[in-house]
Amino acid sequence: MIESLLVANRGEIARRVIRTARRLGIRAVAVHSEADADLPFVTEADEAVCVGPANPAQSYRNVEAILGAARSTGAQAIHPGYGFLSENADFARTVEGAGLIWVGPGADAITAMGDKINARNLMAAAGVPVAPGTTEPAADLDAAVAAAAEIGYPVMVKAAAGGGGMGMGVAADEAALRTEYDKVRAFAERMFGDGSVLIERYFPRVRHVEVQILGLADGRVVALGERECSVQRRNQKLVEESPSPAVSPELRERFLAAAVRAGEAVDYRNAGTVECLLDPSTQEFFFLEMNTRLQVEHPVTEYVYGVDLVEEQLRVASGLAPTFDPDALTPRGHAIELRINAEDPKRFLPGPGAITTWNEPSGAGVRVDSGYVAGNTVTPFYDSLLAKLIVSGATREEAVERARAAVAQFEIVGPKCNLPFFAELLENPEFLSGDYDTGIVGRMR
């Protein structure tokens, strides 16, 4: 097993990885920006190194500073968490070129899945269902219009290099397409340095369902069930649950088999997620993208399958067998995750500030993965995620009931917070029925 680990991230995910590392007797090294010096993950690590100012480009995305921290502390491996450099193939290659262990998939798999058009084409060749769409970037607006006419409106206009719900627009007709194409292309060039755009069929009523995969050290790829991710704002997730209330046993088998094929197609190692869109009216699903990293919502899978996914990541990176029997994976119960963000609960606009009160809920089936404590300040430099509230129960109904109680107990004073939104959602008849889709938040507003 790896003996020392540098966590190239911040907040709750850094704290989460450090917790497992220390449980396994692995020395944990944190890197942090000047703005994050007083956050819990810094003090909970065995050693911490400041890698630059608040600007992520000068700290958490500063490859030389992070590698320097690894060298100075004698770290043997690097875990990238999610975001920042986690899906940067060049960083993965640089880490391994420096003689360190990369706790993630190989750089080739990251590259293959990082371009949405290339990923679609690879998945189609592997027999994974893909939605009707372009097989190469729309070279210009005329090409986009021609592609949309062939696919049929409405269409999704998507940045080929995008991710995390960013760089997407919907066009119901040609006039809208002309506007969205220019908008998405400009955004993609600014955010990703790549203005390539693809056109796909848009499904007005759709569910977002993903499958957790794990590429084992022996070369096998296994699937650890699915997660429902349809409660979203601006195409970004707010709630995840496992198992999905929309997925029957027969559909689950198809989902898991397709996800395994997707992983095998790129010789996948370590943790990853195959994201799909599900048409509830036909029970057809289509590949959306593969996230070549640990997901924010991994705890719901941990509850349902009884595994520590960070531990499994470390075991794969160390060349060790998993702690579970890959041929006897059995889900049990139900789990729900709520993303507690520093944003107002109506318009979901960021609201940073100093935290004067922080009281976390507790009790049976309640877990909180948090990045802050009272006295910390939520700055505007990073993602607004404050904590993840994860609840579990023998049934979905029990998990929902525990979620209600936990939301009522959770007290955060200072920055804006979306806890009132979750209190509303957990009483919403559509959500309670399990028959909801990606438009549920819009209908609540």
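Mentor: Happy to. Let's begin with a word we will need: buried means under 20% relative accessible area, exposed means over 50%, and partly exposed lies in between, using a 1.4 Å probe and protein chains only. What you see is a predicted model, in which local features need pLDDT of at least 70, side-chain atom pairs count only at pLDDT 80 or more, and totals for chains, interfaces and linings use all residues. Residues are numbered from 1 along each chain as its sequence is written, and side-chain values use heavy atoms, with hydrogens and water left out.

The strand to look at is strand 9, residues 207–215. Strands here are DSSP runs (E, at least two residues), numbered from the N terminus. Nine of the nine residues of strand 9 are buried, so the rest of the structure largely encloses this strand. In a regular strand, side chains alternate between the two faces of the sheet. Strand 9 is covered on both: one side carries Arg-207, Val-209, Val-211, Ile-213 and Gly-215, the other His-208, Glu-210, Gln-212 and Leu-214, and all of these are buried.

Now for its partners. Two strands pair if DSSP finds at least two bridges between them. Strand 9 runs antiparallel to strand 12, and nine bridges join the two. Find Gly-215 in strand 9, and you can trace its bridge partner in strand 12, Asn-270. Strand 10 (residues 221–233) also pairs with strand 9 in the antiparallel sense, over six bridges. There, Glu-210 has Arg-227 as its bridge partner. Strand 9 and strand 10 form a hairpin with five residues between the strands, and within this hairpin Gly-219 takes a positive phi near 100 degrees.

Step across to strand 12, which spans residues 270–279 and includes Glu-275. Glu-275 is buried, with a relative accessible area of 2%. The side chain of Glu-275 makes a polar contact of 3.2 Å with that of Lys-237; such a contact is a pair of N or O atoms within 3.5 Å, where within protein one must be able to donate a hydrogen and the other to accept it, and residues adjacent in sequence count only if both atoms are side-chain atoms.

Strand 3 pairs with strand 2 (residues 27–33) in the parallel sense over five bridges, and His-32 has Cys-50 in strand 3 as its bridge partner.

Strand 3 also holds a glutamate, Glu-47. Glu-47 is partly exposed, with a relative accessible area of 32%, whereas Glu-275 is buried. A polar contact of 3.1 Å joins the side chains of Glu-47 and Arg-27. Not counting residues up to four places away in sequence, Glu-47 touches Arg-27, Ala-28, Val-29, Ala-30 and Thr-73.

Key
Helix = DSSP H or I, 4+ residues; strand = E, 2+ residues; numbered from the N terminus. Contact = heavy atoms within 4.5 Å.
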